[in-house]
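Let's take a walk through this one together. Have a look at the chain first, and then we'll go through it piece by piece.

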Amino acid sequence: MGQRPPLLINRLDAERLQRLIDDASEKDQAVADMLENELSRGVVVDPQEIPENVVSMNSQVQFTDLTRDKQMIRTLVYPHALSSTEDGLSVMAPIGASLIGLKVGDIIDWPLPNNSQTLLRIDAVLWQPEREGQFHR
C-alpha cells in the first residue's frame, strides 16, 4: 500500500459506518474490511470539530483519479441514499470508502477490486453538512 494520509472522522459517521460494516453482505465484505481499516486509523471527533476541508458523509467532493487523469464530482452517501442522490457515490463502493476523512490536497493510493490500484487526490469539498451546521443528518 502506498500513501495513506491521516483521517479525521465525524463521531456520528464513525458509529453509522461501523453498523454498516457489521451488517455487510458477503459481496461487500472486501470493501467493508477496507473501510474498517480506514476507520481504525482515523481520529474520531465530534461533528462540530470537523474542519470544512474534510470529507464527511454526505459531502459533495471534487476529486481527481490521477491514474486515469479524470476529475469527478460526487456526493459520498450511505448505500440506501444512492437512488435519491443524483451524483451519489456509496461509501461501500471501493472509491467511496477511500474518500472518508480525507482533506483537500490529500492523495491516497487505493486498491480496486480488479487487483489494480488508483491514486486519488481531493481537490475540493464543495458542500459539507458540518459546514452548514447539519450535525445530526
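**A guided walk along the chain**

Start with residues 51-119: over this stretch the chain is 9% helix and 36% strand, and its end C-alpha atoms sit 23 Å apart. Helices here are DSSP runs of H or I with at least four residues, strands are runs of E with at least two, and both are numbered from the N terminus. Before going on, note that this is a predicted model, where local features need pLDDT of at least 70 and side-chain atom pairs count only at pLDDT 80 or more, while totals for chains, interfaces and linings use all residues. Residues are numbered from 1 along each chain as its sequence is written, and side-chain values use heavy atoms, with hydrogens and water left out.

Where does that stretch come from? In an unreviewed entry, UniProt lists residues 51-119 as "domain: Transcription elongation factor GreA/GreB C-terminal". The unreviewed entry also puts "domain: Regulator of nucleoside diphosphate kinase N-terminal" at residues 5-45. UniProt positions follow the numbering used here, feature names are shortened, and annotations may be inferred rather than shown by experiment. Over residues 5-45 the chain is 61% helix and 15% strand, with 17 Å between the end C-alpha atoms.

Now for the charges. A search of the whole structure turns up seven salt bridges, a salt bridge being a side-chain nitrogen of Lys or Arg within 4 Å of a carboxyl oxygen of Asp or Glu. One of them pairs Arg11 with Asp46, with the closest N and O atoms 2.7 Å apart. This pair ties together distant parts of the chain: Arg11 is in helix α1 (residues 11-22), Asp46 is in the loop between β2 (43-45) and β3 (60-65), and 35 residues separate them.

How open to the outside are these two? Arg11 counts as partly exposed because its relative accessible area is 33%, and Asp46 is partly exposed too, at 31%. The scale is simple: buried means under 20% relative accessible area, exposed means over 50%, and partly exposed is in between (1.4 Å probe, protein chains only).

Two other salt bridges are worth a stop. Asp65 meets Arg68 with the closest N and O atoms 2.9 Å apart; Asp65 is buried because its relative accessibility is 3%, whereas Arg68 is exposed at 54%. Further along, the side chains of Lys103 and Asp106 come together at 3.1 Å, N to O. Here Lys103 is partly exposed at 36%, while Asp106 is buried at 8%. Salt bridges can also share partners, and Arg11, Glu15 and Asp46 are joined that way into one network.

Which residues form a negative surface patch? Asp22, Asp23, Asp33 and Glu36 do. Patches take residues with over 30% relative accessible area and no salt bridge, joining like charges within 9 Å and nonpolar side chains (Val, Leu, Ile, Met, Phe, Trp, Tyr) within 5 Å. Glu36 has its place in helix α2 (residues 29-41) and is partly exposed, since its relative accessibility is 32%.

Most residues other than glycine have a negative phi. Asn58, though, has a positive phi near 70°; Asn58 lies in the loop between β2 and β3 and is partly exposed at 22%. Asn115 has a positive phi as well, about 65°, although it is not a glycine. You'll find Asn115 in the loop between β6 (107-111) and β7 (117-127), where Asn115 counts as exposed because its relative accessible area is 76%.

Key: Accessible areas come from the Shrake-Rupley method with a 1.4 Å probe; for residues, only the protein chains shown count as cover. Lys and Arg count as positive and Asp and Glu as negative; His and the chain ends are not counted. The place of a charge is taken as NZ of Lys, CZ of Arg, CG of Asp or CD of Glu.
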